[in-house]
Amino acid sequence: MARAIAQRDDLLPVLAETFREHGYEGASLSLIATATGLGKGSLYHFFPGGKAEMVEAVLAEIEAWFEAHVFAPLRQADDPEAAIAAMFTTVTDYFRSGRRVCLVGALSLSDARDRFGQALRRFFALWVEALTGALTRAGHPPETATALAEDIVGGIQGAVVLARALDRTETFERILGCLRERSRSAP
């Protein structure tokens with residue numbers, strides 16, 4: 001029997017994990033129905049645009065979470081070094097030390113990239129921009145801060161992939177430790 005869902009937002013965590021586990025292409029409506037406990041008709045009630053609308057909603061929720069917990073603190077902190085350090089702690093928790101797939105990164109590498117490209121680019125651009133500002137305020141030269149921010153964000157994404165591939169959380173934590181050290185090394 002299908003379960004009762006009060007709001008569409010209640011489905012987003014289950015949908016996110018389903019897309020993390022199976023990818024956009026692999027997450028059929030039947031699989032999504034099984035994961036959510038809802039029939040296809042109920043899914044279309046909440047998401048008339050189907051699977052694409054589900055991913056758009058999940059991406060919007062991920063971006064909102066990162067805005068609140070990572071991007072805004074990096075932009076608004078009186079102590080940018082503390083905000084950068086907090087970012088590393090926050091992403092370590094969010095990605096469960098490399099045990100959790102970054103859905104934004106996974107979609108960026110899949111055939112779904114073209115369909116959701118604007119949202120994917122915006123997410124990473126917001127992260128790089130917020131981190132660049134914090135690095136600059138922490139004493140990194142403006143002419144190198146963007147490249148360092150890109151290295152750090154790219155390194156975090158790579159650490160997720162490598163830690164999952166090797167099934168070693170210590171790999172994720174070691175890489176993030178190196179990136180954290182680079183973020184502190186203002187010339």
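How many salt bridges does the count come to? The count comes to nine, where a salt bridge is a side-chain nitrogen of Lys or Arg within 4 Å of a carboxyl oxygen of Asp or Glu. This is a predicted model: local features need pLDDT of at least 70, side-chain atom pairs count only at pLDDT 80 or more, and totals for chains, interfaces and linings use all residues. Residues are numbered from 1 along each chain as its sequence is written, and side-chain values use heavy atoms, with hydrogens and water left out.

**View 1. Arg 20 and Glu 17 form a salt bridge.** The N to O distance is 2.7 Å. Both residues sit in helix H1 (residues 12-26), three residues apart, or about one helical turn. Helices here are DSSP runs (H or I, at least four residues), numbered from the N terminus. Arg 20 is buried, at 9% relative accessibility. Glu 17 is partly exposed, at 30%. Buried means under 20% relative accessible area, exposed over 50%, and partly exposed in between (1.4 Å probe, protein chains only).

**View 2. A network of salt bridges links Glu 17, Arg 20 and Arg 100.** The pair from View 1, Arg 20 and Glu 17, belongs to this network.

**View 3. Arg 182 and Asp 151 meet in a salt bridge.** Their N to O distance is 3.0 Å. The pair links distant parts of the chain, 31 residues apart. Arg 182 lies in helix H9 (residues 169-184), and Asp 151 in helix H8 (residues 142-166). Arg 182 is partly exposed, at 39%. Asp 151 is partly exposed, at 37%.

**View 4. Arg 113 and Asp 114 pair in a salt bridge.** The N to O distance is 3.2 Å. Arg 113 is partly exposed, at 45%, whereas Asp 114 is exposed, at 62%.

Conventions:
Helices (H or I, at least four residues) and strands (E, at least two) are DSSP runs, numbered from the N terminus.
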